[in-house]
Amino acid sequence: QKTVDRLMFGESEDLPAVVAKLGQRLSAAEGPDEILPTIVETLAESLNLSYVAIALAEGDGFRIVASSGTAVLAHFSWPLVYHRQAVGQLILAPRAVGEAFKPSEWQVIQNVAYHVGIAVHDILLENELRQRKAEQE
């Protein structure tokens, strides 16, 4: 049954496994430009989701900067927060239209989103520093 569940639902019941896989893949990323794509691909695969994206805060809205899968109209957005400031959104579509996330999946998403918010904040800072440096040159 565990094998069938893993094929159908991914590792949605196993927070430590999702976090471990994400950590392994992020440590293997070759540079900052690979961090967000690695996060969305790992989450899509680990939770067996049809679509995962990260949108960064930009002005009054958000801009998708990394995605995995095919975008669908029925999706959920989870805020990515750093020190009480919204820095982005984690956009998730379930495995099938109309299928709800299980409580255990929301727990995984909540825990992972905390760490993703920190990574997004760092990326936004790095982008700002690059922009300022380019303006000075």
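Visitor: What makes a contact a salt bridge?

Guide: A salt bridge is a side-chain nitrogen of Lys or Arg within 4 Å of a carboxyl oxygen of Asp or Glu. The model here is predicted, and a search of the whole structure finds five salt bridges.

Visitor: Why is the pair of glutamate 128 and arginine 132 called a salt bridge?

Guide: The closest N and O atoms of glutamate 128 and arginine 132 are 2.8 Å apart. The cut-off is 4 Å, so the pair qualifies. Both residues lie in helix H4 (residues 103-136), four residues apart, about one turn of the helix.

Visitor: Why is glutamate 128 called partly exposed?

Guide: Its relative accessibility is 37%.

Visitor: Is lysine 21 buried or exposed?

Guide: Lysine 21 has 19% relative accessibility. Buried means under 20%, so lysine 21 counts as buried. Glutamate 45, at 43%, counts as partly exposed.

Visitor: What makes Lys21, Arg25 and Glu45 a network?

Guide: They are linked by salt bridges. Glutamate 45 also pairs with arginine 25, with the closest N and O atoms 2.8 Å apart. That pair joins helix H3 to helix H2 across 20 residues.

Definitions and conventions: Residues numbered from 1 in each chain as written. Predicted model: local features only at pLDDT ≥ 70, side-chain atom pairs only at ≥ 80, totals over all residues. Heavy atoms only, no water. Buried < 20%, exposed > 50% of the residue type's maximum accessible area, 1.4 Å probe, protein only. Helix = DSSP H or I, 4+ residues; strand = E, 2+ residues; numbered from the N terminus.
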